[in-house]
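Here are my notes for anyone opening this entry for the first time. Have a look at the sequence and the coordinates, then read on.

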Amino acid sequence: PCSLAACSRKNTRNASLHPLWQSPLTIPGGTRQSPINIQWRDSVYDPFLKPLKISYDPTTCLHIWNNGYSFLVEFDDSTDRSIIVGGPLENQYRLKQFHFHWGAINDWGSEHTVDSKFYPAELHLVHWNAVEYPNFEEAVMEGNGLAVIGVFLKLGARHEGLQTLVDALPAVRHKDTVIEFDVFDPSCLIPSCPDYWTYAGSLTTPPLTESVTWIIKKKPIEVDEDQLEAFRTLLFTSDGEEERRMVDNFRPLQPLMNRTVRSSFH
Ligand SMILES: NS(=O)(=O)c1ccc(CCCCO)cc1
Ligand SMILES: [Zn+2]
């Protein structure tokens, strides 16, 4: 079993904290919380790390919904049609959903940082260990239950693959709205460069369980200003409630404690 923990620290970015983090949330015993700052020079090259193999079936895509924290694209995880294997992973993991974290302005928004630099947004592709556990909810509670690929978004050229998601956002503006999304291949959001960092961490929103093998891609993808602005038109609030813009939905950095970040590259 893994221990629950969160010791959110003073927010180093002076960002308006997501309401979730204003209440002091310190659960004793946390030794592997996320997100963290990745200090490039302290990461250790591991020659035994394999390339990450990603094979997604675009027809496993189900829907997009606004869950009041982010917008998620969810997948049919009843078979092994969309999986990742290799990298730091002992088993193959099934794609469950992907979502993003972003800021109110381009100066911050990512959850992880690299040499204390933040990106305007970060993509998380969430997978679970279907070899050892019967379903996602069980896997969430186990130390090797989940594998999340993190991809940084930086301001630059328009991303055509992302645009199909952006075009659907007005339909999920309010919390608990959902629209069907039939075909989407999330590998178009993952940089072709194979380089990544990996470390043992946790979910960055409740239940904050220490069940995630993080795989953070070294190279960001480029998106343009309009696409980032489209994220910021989403709402934390349900239809009929007083509107609160969905921005700054990232958790503060957590202590590295007794962990080493490994790199797949020299
Ligand atoms: N930001 S994250 O990738 O760490 C992440 C992924 C998935 C969940 C959902 C947990 C649901 C438990 O039943 C929460 C957070
Ligand atoms: Zn996330």
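This is a predicted model: local features need pLDDT of at least 70, side-chain atom pairs count only at pLDDT 80 or more; totals for chains, interfaces and linings use all residues.

The points below go from confidence to overall build, then to the metal site and the cores.

1. For the complex, the predictor reports an ipTM of 0.99 and a pTM of 0.92.

2. Keep an eye on the start of the chain. Over residues 1-18 the pLDDT stays under 50, although the model still has 65 contacts there beyond four places in sequence.

3. You'll find 17 strands and 4 helices in the chain. Of the 266 residues, 55% are buried. The accessible surface is about 11,600 Å², and carbon and sulfur atoms account for 54% of that.

4. How do the contacts run along the sequence? Among contacts with a separation of 6 or more, 74% are between residues 24 or more positions apart.

5. Next, the metal. Which protein atoms hold the zinc ion (ligand 2)? They are NE2 of His 99, NE2 of His 101 and ND1 of His 124, lying 2.0 Å from the ion. The site has 4 donor atoms with angles of 99 to 117 degrees among them, and it is tetrahedral. Along the sequence, the spacing of the donor residues reads H-x1-H-x22-H. His 99 and His 101 are both buried.

6. Then the largest nonpolar core, with 43 residues. Phe 98, Phe 100, Trp 102, Leu 125, Leu 165 and Phe 231 have the most contacts inside it. Elements giving two or more residues to this core include strands S6 (61-66), S7 (71-75), S11 (121-128) and S12 (146-155), along with helices H3 (160-166) and H4 (225-231). Strand S9 (93-102) is another of these elements, and with 5 residues S9 makes the largest contribution.

7. Setting aside neighbours within four places in sequence, Leu 165 touches Ile 64, Val 73, Phe 98, Phe 100, Phe 181, Phe 184 and Leu 189.

Notes: Residues are numbered from 1 along each chain as its sequence is written. Chains are lettered from A and ligands numbered from 1 in the order in which they are written. Side-chain values use heavy atoms; hydrogens and water are left out. Buried means under 20% relative accessible area, exposed over 50%, partly exposed in between (1.4 Å probe, protein chains only). Contact means heavy atoms within 4.5 Å. Accessible areas come from the Shrake-Rupley method with a 1.4 Å probe; for residues, only the protein chains shown count as cover. Donors are N, O and S atoms within 2.8 Å of the metal (3.2 Å for Na, K and Ca); water is not among the atoms, so sites may look incomplete. Four donors count as tetrahedral if all angles lie between 85 and 135 degrees; four count as square planar and six as octahedral if opposite donors are over 155 degrees apart and all others between 65 and 115; anything else is irregular. pLDDT is the predictor's confidence in each residue, from 0 to 100. A nonpolar core is a set of buried Ala, Val, Leu, Ile, Met, Phe, Trp, Tyr and Cys residues joined through side-chain atoms within 4.5 Å.
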